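Here is a short report on selected local features of one structure. Sequence and coordinates come first, then the notes.

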Amino acid sequence: MLKRLLKGIGLLATFVVVAAALTMFFNGSSAAQSSAPDNVVSGVFTRNPLQVALLQWYPANLTTTFAAGVGAERVTFDGANIWVSNTGADNSNSGSTVTKLRASDGAVLGTFAAGAAPTGAAFDGANIWVADFAGNVVTKLRASDGATLGAFAVGSGPGWVVFDGANIWTTNYFTNNVSKIRASDGAALGTFALSASPAGMTFDGANIWACTSNGAVTKLRASDGAVLGTFAVGSAPYDAAFDGANVWVTNFVSGTVSKLRASDGTSQGTFTVGSGPYGIAFDGSQIWVANSVSNNVTKLRARDGVVLGTFAVGSDPNGVAFDGANMWVANHNSNSVSKL
């Protein structure tokens, strides 16, 4: 019995030594560091011996990159595949295609024409809708095969698209309004004025939230477009996402994101991210922000805005989308998408 006990103690000691050695190896340090959930400090992994023993040697943020079209701008997910709108080089609005990638492995499934300068995109459950910034239309593509089902007039300079469960909304940058069209047949259901150069949008289940260039976000009732409030955020708000209770807005010039309570627009905090925050998405518990100037993505805990990590991607990351397991980021200058 004593021999078995001593043998067990010896094995345990050996395990601790090996685990500690592995920890130091993977940390690149002479001493094991304390663990912090979902955290990477200055590019060094902070794993403890138990995590090493369980083969958790790295945080789940390894980045894979796949080629897209020229000027990859935005991304959307259709339940199985990722669609990337390609706006052209150097923000020239000279692109004309969207790329369809299989989400499981990034394989290109097709490249489809989508106007003169495809930008924002949204999925309606069967079709992909793509805003054509230069053509002033939104194009409807059948998601199964990319066939064009129609192109419908909206305002001038449509940039973002959202689906509210029955209708498609676009923000029209040059005409300072949003367009609402019926998804089933593209019929125009209304145009609603906003204060200044609208950009990104999100839908909260009942209302549309649209960012405007004057440092505000406007809440419109989706049923009739009535304005329910306008709320101050940071400088040059670009995009928005809904987390189930709050609306998050990227402030491009401020280098921050604003969190607003969706019920009444009350500020819940402003959080610093990278330089030039652009696209934003929610993964069910975290907020992900593409920082177009610093070429990385910031991950924040949704409940309190704590930064959980900053991850390098391609050049000039713009749009970001969640596929149920991974985040996809469109890298405009790299003509690629990153999968994290």
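Asn167 sits in strand S13, residues 167–172. Strands (E, at least two residues) and helices (H or I, at least four) are DSSP runs, numbered from the N terminus. Asn167 is buried, at 11% relative accessible area. Buried means under 20% relative accessible area, exposed over 50%, and partly exposed in between (1.4 Å probe, protein chains only). Beyond the neighbours within four places in sequence, Asn167 contacts Val162, Lys180, Ile181, Arg182, Ala183 and Leu189. Contact means heavy atoms within 4.5 Å.

The model is predicted: local features need pLDDT of at least 70, side-chain atom pairs count only at pLDDT 80 or more, and totals for chains, interfaces and linings use all residues. Residues are numbered from 1 along each chain as its sequence is written, and side-chain values use heavy atoms, with hydrogens and water left out.

## Two loop residues with positive phi

Asn136 lies in the loop between strand S9 (127–132) and strand S10 (137–142). Its phi is near 60 degrees, a positive value in a residue other than glycine. Asn136 is partly exposed, at 28% relative accessibility.

Asp316 also has a phi near 60 degrees. Is Asp316 buried or exposed? Asp316 is buried, with a relative accessible area of 13%.

## Nonpolar cores

A nonpolar core is a set of buried Ala, Val, Leu, Ile, Met, Phe, Trp, Tyr and Cys residues joined through side-chain atoms within 4.5 Å. The largest has 13 residues. Which of them touch the most other members? They are Trp169, Val178, Met201, Ile208 and Leu220. Strand S12 (158–163), strand S16 (198–203) and strand S17 (207–212) each supply at least two residues of this core.

Leaving out residues up to four places away in sequence, Met201 touches Trp169, Val178 and Ile208, among others. The list for Met201 also includes Trp160, Thr170, Trp209 and Asp239. A second, separate core has 11 residues, including Ile82, Val84, Ala321 and Trp328. In soluble globular proteins, nonpolar side chains tend to be buried together.

## A four-stranded sheet

An open sheet of 4 strands runs in the order S8-S9-S10-S11, with antiparallel pairing. Two strands pair if DSSP finds at least two bridges between them. The edges are strand S8 (118–123) and strand S11 (148–153), each pairing on one side only. Neighbouring strands are turned by 20 degrees against each other on average, direction ignored. Axes are lines fitted to C-alpha atoms, for helices over the stretch in contact, and angles run from 0 to 180 degrees between N-to-C directions.

S10 and S11 pair over 5 bridges. Val137 has Ala153 in S11 as bridge partner.

Strand S24 (residues 277–282) is mostly covered, with 5 of its 6 residues buried. S24 is joined by 4 bridges to strand S25 (residues 286–291), and the two run antiparallel. Ala281 stands opposite Trp288 in S25. The hairpin has 3 residues between the strands, and Gly284 takes a positive phi near 110 degrees.

## Aromatic contacts

The whole structure holds 13 aromatic pairs. Rings of Phe, Tyr and Trp (its six-membered ring) pair if their centres lie within 6.5 Å; planes under 30 degrees apart count as stacked, over 60 as edge-to-face and the rest as tilted. Trp160, Tyr238, Phe252 and Tyr278 are linked by ring pairs into a cluster.

The charged end of Arg74 sits over the ring of Trp160, 3.7 Å from its centre. This requires NZ of Lys or CZ of Arg within 6 Å of the ring centre and within 35 degrees of the ring normal.
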